[in-house]
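Colleague: I have just opened this one and could use a guided look around. Could you walk me through what you see?

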Amino acid sequence: SFQMLTGSDINGVKSTIENTNLFRPVSIVIPCYNSNETVVKTLFSIQSQSLSEVQKKMVDVVLVDDGSKNQVFKTIRKYIKDFSFQLHIIRFVKNRGLSTARNVGIFSCKNDHIIMLDSDILLPRNYLLEHSVRNQLLPSAVFVSMKKNIENDSKLANMQNIKKGLESP
């Protein structure tokens, strides 16, 4: 079904889906603790998805600040106007742990499809569309993505490249 719908292999490494009409609403939960600099890049990698502005408004991002020493909101507030997606920030006054942060984030999601991200993940530009199509075809499946480590001084981690949309993380 995936190949008939998209023209590509469901296990393919390279994204070839171009029909953004296949996209459905998704929620993203990002727990973070003292990761102010990396989470900004993560948020911009969400903004740079190959989706229309209308479709980006269908993306619900729940950021759970798990008692960071420097509030994450103070770091990202100057960028909020750059994001088309819905951003909700939950702040714990003291650290309650990753599991609690994830669970509270899940309970705060608006959409049925949920993607869990760490606060230092850079998404390739077609990531949300790819996951959306897979979730529609296999609604009871749980998908696990593996990441490729990117050094902070890598060209891929450069904010200008992230804002353009990454080919591959």
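Modeller: Gladly, and please keep in mind that this is a predicted model.

Colleague: Where does L137 sit, in which helix?

Modeller: L137 belongs to helix α6, which spans residues 127-137.

Colleague: And how exposed is L137?

Modeller: L137 counts as partly exposed because its relative accessible area is 30%, and that value lies between the cut-offs of under 20% for buried and over 50% for exposed.

Colleague: What about the helix as a whole, how many of the residues of α6 are buried?

Modeller: Helix α6 is mostly covered, with nine of its eleven residues buried. The buried ones are Y127, L128, L129, E130, H131, S132, V133, R134 and N135.

Colleague: What covers them?

Modeller: The cover over the buried residues of α6 includes helix α1, at residues 2-6, together with α2 and the strands β1, β2 and β4.

Colleague: Switching to the strands, then: what is the order in the sheet?

Modeller: It is an open sheet of four strands in the order β3-β2-β1-β4, and the pairing is parallel. The edges are formed by β3 (86-92) and β4 (114-116), each of which pairs on one side only, and the twist from one strand to the next averages 20 degrees.

Colleague: How many bridges join β1 to β2?

Modeller: Seven bridges join β1 to β2, and these two strands run parallel; within that pairing, V29 has V62 in β2 as its bridge partner. On the β4 side, strand β1 (residues 26-32) is joined by three bridges, again in a parallel arrangement, and there S27 stands opposite I114.

Colleague: Is β1 buried or exposed?

Modeller: β1 is mostly covered, as seven of its seven residues are buried. Both of its faces are covered, with V26, I28, I30 and C32 buried on one side and S27, V29 and P31 buried on the other.

Terms used
Residues numbered from 1 in each chain as written. Predicted model: local features only at pLDDT ≥ 70, side-chain atom pairs only at ≥ 80, totals over all residues. Heavy atoms only, no water. Pairing = 2+ DSSP bridges. Axes fitted to C-alpha atoms, helices over the stretch in contact; angles between N-to-C directions. Buried < 20%, exposed > 50% of the residue type's maximum accessible area, 1.4 Å probe, protein only. Contact = heavy atoms within 4.5 Å.
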